[in-house]
Amino acid sequence: MRILGLDLGTKTIGVAVSDPLGFTAQGITTVKRKNFNSDIEEIKRIYDEYSVQTIVIGLPKNMNGTIGEAGERTYKFCEKLKAAFNPEIVYWDERLTTVAAHRAMLEADLSREKRKKIVDKIAATFILQGYLDRKSR
C-alpha cells in the first residue's frame, strides 16, 4: 500500500511517494503545471504507476488556521481529481513545510538554482512524512 504526497503550487506540483510499508516518504518528481486536465492526467499516471491507495495533499492554511485563496484552489483541484478517478484524499496542514524544505536545502548547501528546482518535491516529502509519522503513532 503506497501513499502519494502532493504539494500543490501555482506553477508546479511536488510529488512524493511512501515506501510499500508506509514508513518513509521519498520525493519522486516535480510536475510542471499546464492546465487542469494535463495536471490530473499526470497525477493519475503516477497514482497508477505506484499502485497508490491514498493521496495526501498539503492544505495551505493561514497562520491563524483559516483557509485562504490557496486553500480554496487546493479544494477545487481535489474536486477535479475526485471527478477524474475518485482517489481517497487526505488533507494535511502544510503550514511552514516550504520553509522547512528551504531550511533543509540550505543546510545541505544546495545552490539557489538547485533549490528552486526541487523545493516543491521536498515540501511534498515533508507533507507525506508528517502524515506517515502521525499515522504510525
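At what angle do helix α1 and helix α2 pack, and how far apart are their axes? In this predicted model, local features need pLDDT of at least 70 and side-chain atom pairs count only at pLDDT 80 or more, while totals for chains, interfaces and linings use all residues. Residues are numbered from 1 along each chain as its sequence is written, and side-chain values use heavy atoms, with hydrogens and water left out.

**Helix packing**
- Helix α1 (residues 36-49) and α2 pack at about 60°, with axes 10 Å apart, the axes being lines fitted to C-alpha atoms over the stretch in contact and angles running from 0 to 180 degrees between N-to-C directions.

**Second largest pocket**
- The second largest pocket holds about 160 Å³ of space.
- Helix α2 (residues 69-85) gives the largest share of this pocket's lining, 5 residues.

Key. On a 1 Å grid over the protein atoms alone, a cavity is a set of points where a 1.4 Å probe fits but cannot get out, and a pocket is an open set with protein on both sides within 12 Å along at least five of seven lines; lining residues have an atom within 4 Å of a point. Grid points are joined across faces, edges and corners, and a volume is the space filled by probe spheres set on the points. Helices (H or I, at least four residues) and strands (E, at least two) are DSSP runs, numbered from the N terminus.
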